[in-house]
Amino acid sequence: MSIRLNNVTRDLNVGIQTAVEFLQKKGFAVESNPNAKITDEQYAKVNFRRRQAALSYPEKVRQLVELQKRLVPIYAMRGKVIVPWADV
């Protein structure tokens, strides 16, 4: 089954050019035309947003805590007021 590029970008909330560049980097020949059709395999590659949404809630929390731990020393060096989170 093929899907129009315009429908894919609208569903995934990404730009047409972004999706085309991504597919071209993955080795697919896709024209930058909203009416161009892509295959199911190409749609699966572009559908990176769903893969991010598929992360479990504890995994997302873990990623946020790790990011916060990396940012605290940066803010401290710049003289910002820091209220560190309690370790989770």
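The structure is a predicted model, in which local features need pLDDT of at least 70 and side-chain atom pairs count only at pLDDT 80 or more, whereas totals for chains, interfaces and linings use all residues. Residues are numbered from 1 along each chain as its sequence is written, and side-chain values use heavy atoms, with hydrogens and water left out.

The protein chain contains five helices and two strands, taken as DSSP runs (H or I of at least four residues for helices, E of at least two for strands) and numbered from the N terminus. Along the sequence these elements follow the pattern β-α-α-β-α-α-α. Of the 88 residues in the protein chain, 22% are buried, where buried means under 20% relative accessible area, exposed over 50%, and partly exposed in between (1.4 Å probe, protein chains only). Among contacts (heavy atoms within 4.5 Å) with a separation of 6 or more, 45% are between residues 24 or more positions apart.

Helix α1 spans residues 5–12, and its buried residues are Leu 5, Val 8, Thr 9 and Leu 12. Seen down the axis of α1, these buried residues fall within an arc of 95° and so line one face of the helix, the arc being that of the directions from the helix axis to the C-beta atoms. The exposed residues Arg 10 and Asp 11 are carried on the face of α1 that is turned away from its buried side. Just after α1, Asn 13 adopts a positive phi of about 60°.

The axes of α1 and helix α2 (residues 16–25) come within 9 Å and cross at roughly 105°, which makes α1 roughly perpendicular to α2, a term applied to angles of 65 to 115 degrees. These axes are lines fitted to C-alpha atoms over the stretch in contact, with angles running from 0 to 180 degrees between N-to-C directions. To this contact α1 contributes Leu 5, Asn 6 and Thr 9, while α2 contributes Ile 16, Ala 19 and Val 20. Thr 9 counts as buried at 4% relative accessibility and, not counting residues up to four places away in sequence, touches Val 14, Gly 15, Ile 16 and Ala 19.

Gln 42 lies in helix α3 (residues 40–46) and is also buried, with a relative accessible area of 8%. Leaving aside neighbours within four places in sequence, Gln 42 is in contact with Leu 23, Phe 28, Val 30 and Lys 37.

Terms used. Angles under 35 degrees count as roughly parallel, over 145 as roughly antiparallel, 65 to 115 as roughly perpendicular and the rest as oblique.
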